[in-house]
Amino acid sequence: MAVDFKNSVTKENLMRAFAGESQARNRYTFAASQAKAANLHVIEAVFTYTANQEREHAEIFYKHLQQLSGSTIHVDGGYPVDISDSIRDLLRRAQHNEYEEAESVYISFGNVAKEEGFLTVASSFHMIARIEKYHGDRFGQFAQLMEENRLFVSDVQTGWICLNCGYIHTGIQAPVTCPVCQHDQGYFIRLELSPFAK
């Protein structure tokens with residue numbers, strides 16, 4: 001059943017999603033700063049990489065509201081307060097939030113948009129839900145590596161890449177210091193986890 005956009009639930013869901021993505025971006029930027037201060041530059045990179053994708057999601061949802069430019073949309077919503085001194089806890093909380101968006105929030109928003117006749121918006125919600133699932137998986141993977149004290153250690157020979165200069169080391173442990181750029185171990189990531197691996 002087609003609904004007038006300005007009277008739709010979809011317009012409110014888009015604003016909720018825009019607010020949620022904007023807040024997620026800020027939370028991840030804050031977490032990246034904490035990781036940097038802890039010399040966990042690889043975790044800083046994961047949070048920053050994801051924050052930039054959340055910014056893009058916010059923009060996608062915001063652009064769907066273009067025909068309402070100049071108006072104000074009032075919505076309610078609940079948003080997490082994820083403050084912790086533990087980087088591992090921040091990763092786990094981010095994982096939880098991403099799964100919540102993926103598994104319930106954006107699927108339901110997409111279904112409502114489809115019911116109201118906004119198929120392009122529905123498609124955006126459903127596709128971004130799949131991306132959020134991937135974000136949650138990534139956060140969970142790095143949290144698990146930290147929990148198992150395996151962020152910089154492997155059971156088998158593996159490649160490690162320095163995020164600063166690109167030096168690749170093969171071994172069961174990342175170098176304590178990069179032999180090329182002298183940056184600390186916190187810059188190393190397993191080569192297969194690098195977002196820029198070939």
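This is a predicted model: local features need pLDDT of at least 70, side-chain atom pairs count only at pLDDT 80 or more; totals for chains, interfaces and linings use all residues.
Local features are reported at pLDDT of at least 70 and side-chain atom pairs only at pLDDT 80 or more, while totals for chains, interfaces and linings use all residues. Residues are numbered from 1 along each chain as its sequence is written, and side-chain values use heavy atoms, with hydrogens and water left out.

Helices and strands here are DSSP runs numbered from the N terminus (helices H or I, at least four residues; strands E, at least two). Helix α1 (residues 9-37) and helix α4 (residues 119-147) have axes that come within 13 Å and cross at roughly 25°; axes are lines fitted to C-alpha atoms, for helices over the stretch in contact, and angles run from 0 to 180 degrees between N-to-C directions. The two helices are therefore roughly parallel to each other (angles under 35 degrees). Their crossing is left-handed, that is, the near helix is turned anticlockwise from the far one by less than a right angle. On the α1 side the contact (heavy atoms within 4.5 Å) is made by Thr 10, Asn 13, Leu 14, Ala 17, Glu 21 and Tyr 28, and on the α4 side by Val 121, Phe 125, Glu 132 and Phe 139.

Helix α4 has 29 residues and reaches 42 Å from its first C-alpha to its last, close to the expected 42 Å, the expected span being 1.5 Å times one less than the number of residues. Asn 149, with a positive phi near 50°, follows α4.

Helix α1 also holds Arg 16. Leaving aside residues up to four places away in sequence, Arg 16 touches Val 75, Asp 76, Tyr 79 and Phe 109. The C-alpha atoms of Arg 16 and Asp 76 are separated by 7.6 Å, although the two residues lie 60 apart along the chain.

Strand β1 (residues 153-162) pairs with β2 over 5 bridges. Here Ile 161 stands opposite Ile 168, and Gly 159 has Thr 170 as its bridge partner. The β1-β2 hairpin has 5 residues between the strands, and Gly 166 takes a positive phi near 95° in this hairpin. With β3, strand β1 pairs over 3 bridges, and Arg 190 is the bridge partner of Trp 160.

Definitions and conventions. Angles under 35 degrees count as roughly parallel, over 145 as roughly antiparallel, 65 to 115 as roughly perpendicular and the rest as oblique. Two strands pair if DSSP finds at least two bridges between them.
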